[in-house]
Structure formats: C-alpha cells, structure tokens
Amino acid sequence: MPIPDTPRLLAGLYALGAVLLLGQALWHYLVGDYTQILLPALLAPLLLTAALMRLGQQETARLSAYLVLICGYLIVATTLPGEGHLALLWLGLPAVLTFLLLPLGPATLLNLTLAPIWLLLADGGLSLPLSLAYLTLVFAAGLAPWGIRHQRALLMATDPRDEECTALRSAPLLERLESEVERAGLLDQRLAVVVMHLPQLEVADEQFGAPARLALLDAFCRTVAEYSRDHDLLGRIGGADFWLVLPDTTESGALLVRQRIEEAAAGAMLNDTGGLEVRGATCAHSPGQTIMALKHRLDATTRHLADG
Amino acid sequence: MQSKYKVSLLRLNLLLAALLPALMVPTARDFSEGMLLGLAAAWLAISAGLVEFSHRRPPLVPWQLLPSLLLSALLWTSAEHYPFWLWGWAALVMLPQPAWMAALNVLLATLSWAWVARLLPVEQALAAGLVLALLLALGLARARRLIPLHGQARGRVSLEPGLRLWPGASLARDLARERGRGRREGIHSELLLVRTRRRHLWRVARQLCDMTRRFEHCYRLDGRTLAALLVCRDAAQAASRRATLLQRLGEVERVRAVPLTSTHSLTEEFRALEQQATTRSATQGATPDADT
C-alpha cells in the first residue's frame, strides 16, 4: 500500500528542536552567559515557523527543510571554534543533518562545498587525520541515502504494482497486455479492454490532499476487483486513467463489466467526494489486429475519455 | 526510472567511502583502531563488489549488522579523537532494515553516546544526547516510509528487472488463478517443476524464461528448484512442448510435470519431486513418462 508522507511527525520533530533551542537560551540565562542568549532565542521561533511550514503545501514544506538546516548550521558554527577538543563533537552534525533533511543530490553538493569551512572553523581541523576522519563520516553517511535510492529504484523496476494502489504500473500492464494478446491469438480467443477515467482524482488531490486521493484509488480498485474475475488485469496507464484487460471476453461482455463497475462505483460512499464517478469505454481486440493497432485505439480512447 | 538509475554510481561511492578509512589506517593511534579502520574499509569495498541491480542475492543479516558493530567499536576505541562519528548513527538508522535491527541500532547509539558523554561537561552531554535523539527520530521517520514497500512487496517483485521470474511466494496464488482460468476456457495448463544444481540455477532460470511464452510465468521456489506454468491447447501439444523444452534445458537433474487439474497442493508436488529418482526424467503426475 502507499507510503504515507509524514509531515506531522517531521513538524513535531522540528518543534521539539525549537524547544531544545529555548532550553539552551534558558541555560545561558541561568548561568549568566548573557551574550550567548541571543542566537538560540532568535532561532527557536525560526524553527517553529519551519514546523508550521512543514504542514503546508509542498513548496513551503521543501523550504522548511532549508530553514531547519540554517538553524543547525548557525548553532554549530558558533559552537565549533570554542573549547578546543570537546567542540569537535559538533563537527559532524551539520553534514549528517543535511543528509537527513535534503534529497541526495543537493545534500552531497552542499556537504562537499561546506566541508572546508567546517574544518576551518573547528579547532585543529586542518590536521590530516582529522580531515580524513571527517570526510569518512561525510562519505559513509552519504551512503545511507544512496542505499535508499538503490532499493527504491530496484522496487520500481521489479514491482509490477503501482505505488499508490493495487493496479499494475503502466509498463508491466503493457507487457501483460501484449502477452494476453499473444495468448488470445494462440488459443483462438477474444479479448476486450475496458478503458476507465476517474475525473474526480485530480480535484480530490487539490482540495483534500493525498489521503483523499488514496481513498479514492483504493475504493476504485476494490470495486473493480469485486466486479471482475481473478485473472482480469487492472493497470494504471496514467494518473487517472486505467485499463482493465479482460481475456476471453467479447465486447458485449466487456460492456456489461463496465456498466456494473460504473454503477457500483457511483454507489460508493467516500468521505470527501461521496460517490465515485467512473467514465468508461470498451475496446474489443479483433482477431488478427496487431498489438500496435490495439494500443493506438486504446490510447485514443483514453485521451478522448480524459478530455470529457 | 530504471534507465536513469545507475548501479555503478553507488559502487563508485562505496569504493570512495572505502578508500578514506583505508587512508586513515597509517595514522591510526594504536593497533585496534587500525584494525577497525581496515575492517570498515574492507566491508565497504566488498559491499561495492556485491552490489547489483536485482533481488538475486538479498543481503544477509550478519553482513548488514557489521557496520553498526564497527561504528560502536570505532567510537569505543577513539571517542577522544573523533567524537563526531557519533552522528553517524543517524545515517545508519536511515537505511532500510527490519524493526529489531533499528531497535538494536538505537540501543548501540545510546551506549556510544554514554561513552562519549563521560568526556563532556554535564550540560554539553545532555545537549548532545537530546540532539542525537532528534536526529535518530528524523532518520527513523525517513526509514519508516520505506517499510511498507519492503514488507509486502517482497512476495510479488520479479527477481530481476525485466525477467518473468517471480518469487515462490506468488506461485500458490497464480496456481489457483491459472487452474480456474484453464477450467473456464477449456485449455490444458500444467505445472512444471525443475530441479537443478545450485550454481546452474540462474542460467537455467534464464533459459526457462526465454523458452516459455510471454504469458507463461516462471518462479524460483528455492536455491535449486524452479517452476513454470505452461499453457497449451491440449495434452498432446503440452507433451511435445515439454519434450523440446527439456531437450534444450541444460544441467537439469529432475523434472516433474503435472496438469493443473490434478495438482493437489504445491507442497505435495514439491515433496514428490524430492522423492523422485535422481535421473533426468519427466514424470507426469504419478505415472512416469518416457525418459528424455
């Protein structure tokens, strides 16, 4: 099933960071270190803003990561030059924080650019073993996002299912469609495809966010599963466009399936959108028709449905 | 996505990351530190050699545990010189891993923090602990988004990109589906079990995928056994296809072919294959067919 994004969790963590900074300011106040109060006291509201931004739209959410990074950088930059050896502890923090908050590309770039600066700021950072140790940490920490990316790309390449619902992805769908056409040809069978479009999907996403979109997709896939056979193939060919491949089915049979799905979907009860609107059309594969011709017809039908 | 992603880049990164601790070995302050750095470099370099873009060899748990143990040991021996390695824990918990391993990593991180903290004044130690907790939480939040992908996808992903070879877990479901479909459409479909040697498995798997038609799927049941669902018009056609298939498949020890209408259960067929004579013979159901 889909990967729920975790904006609330992240916002909570940012807010905790703000609390931590306030605690630091308070500590400086208690020990009478008045010159150092200013920075954490100023950065704490900034982190709180970042927490609120994280809950907003995608663009502002991305900005919030940079805000948090700036806070972390400033705090570490003021701590690093002091107290000799102990301050070294904070040297690795900015690099790891960058990998945690930013995507791999920008994070690597930023870390490589800033590495000399952090080493200069640190006491004795220019000695060879220390810079080597620091670079080891940066490169090794960078491997974690690489590992994630590797796993993700591998799953994308090998998992036939869509990320957001139980339908097939478009590439495996096309492969399976071709193989079903081949099978129909070999066994002298008919084949039909129901093309479906969900006009509400985009609106649901814009108005109610990702959970509404996922609920809609889930309801649709369950409805289709209920009214089709075990070996019928439902695939997501585009954002809101689906193909249901029905092996050994005539056009009239496909029409029946389409009507049943449309009726059942209209009666579904969803929190945000109420009923589920499905626009459908059927395409039958006539014996002897090439797979390319069938695909062209299906593409044209899909476009026609999407345009209304 | 598939074409954009390059495994060689990850390999290069692993090698670069391996080079750095290797360079640090001569500057190590004592023998154990040098040893640990060398081990870390070796782990990274070997990982670079092992990494590949397929599910053929899932990483073993002890192998995945090594970086955590190495990081703890490095912090144990050289916390005085390189305390900033402590933050490496946040990167380690980010990796996709089972829940118990994440818990173990958090535990080890806490222990290393306690070890580093004894060098620091109380307020700094506390601050470092709180910041580390926040970073670990951030890392775990990032890893959490991958967990659903892992748990459920494992049973349904193809074992190599582009190959029609599926994990054995999905065979039971496909078997039931194909049996129902065969009955409804009046066609002859059969389950083909192939036993080979461990080292020939992937070659035979590739041959099998090449020789079956595109709508016939192949499965890897274990390190030596493959399965395929064959679809034909009738039993006679199935027999001739099976014969040509077996002729061209190299390095096969045992073969068993059962029509889907008479398969009892996968485990039973599997056991029957085990008990079959070790000659290279095709057995159809209980009655042995002609040797090939």
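Q: How many residues of chain B are in contact with chain A?
A: In this predicted model, 64 residues of chain B are in contact with 59 residues of chain A.

Q: Which elements of chain B give two or more residues to that side?
A: Helix 1 (7-24), helix 4 (88-94), helix 6 (122-144), helix 7 (147-153) and helix 8 (171-185) of chain B.

Q: And which gives the most?
A: Helix 6 of chain B, with 14 residues.

Q: How do the residues on that side divide into nonpolar, polar and charged?
A: The side of chain B that touches chain A has 44 nonpolar, 9 polar and 11 charged residues.

Q: Switching to sheets. What is the strand order in chain A?
A: The order is 2-3-1-4, in an open sheet of 4 strands with antiparallel pairing. From one strand to the next, the twist averages 20 degrees.

Q: Which strands stand at the edges?
A: Strand 2 (233-236) and strand 4 (279-285) of chain A; each has a single partner strand, so one side of each lacks a neighbour in the sheet. Strand 2 of chain A pairs with strand 3 (residues 241-247) of chain A over 4 bridges.

Q: What packs on the sheet?
A: Helix 7 (residues 170-186) of chain A does, touching strand 1 (191-197), strand 2, strand 3 and strand 4 of chain A. Its direction makes about 25 degrees with that of strand 3 of chain A. Helix 10 (residues 251-266) of chain A lies across strand 1, strand 3 and strand 4 of chain A, at about 165 degrees to strand 4 of chain A.

Q: Back to chain B: is strand 5 mostly covered or uncovered?
A: Mostly covered: 6 of the 8 residues in strand 5 (residues 252-259) of chain B are buried. Strand 5 of chain B is joined to strand 2 (residues 188-196) of chain B by 7 bridges, and the two run antiparallel.

Methods. Residues are numbered from 1 along each chain as its sequence is written. Chains are lettered from A and ligands numbered from 1 in the order in which they are written. This is a predicted model: local features need pLDDT of at least 70, side-chain atom pairs count only at pLDDT 80 or more; totals for chains, interfaces and linings use all residues. Two residues are in contact if their C-beta atoms, placed from the backbone, lie within 7 Å. Ala, Val, Leu, Ile, Met, Phe, Trp, Tyr, Cys and Pro count as nonpolar, Asp, Glu, Lys and Arg as charged, and the others, Gly among them, as polar. A residue is buried if 20 or more other C-beta atoms lie within 10 Å of its own, exposed if 12 or fewer, and partly exposed in between; C-beta atoms are placed from the backbone. Two strands pair if DSSP finds at least two bridges between them. Axes are lines fitted to C-alpha atoms, for helices over the stretch in contact, and angles run from 0 to 180 degrees between N-to-C directions.
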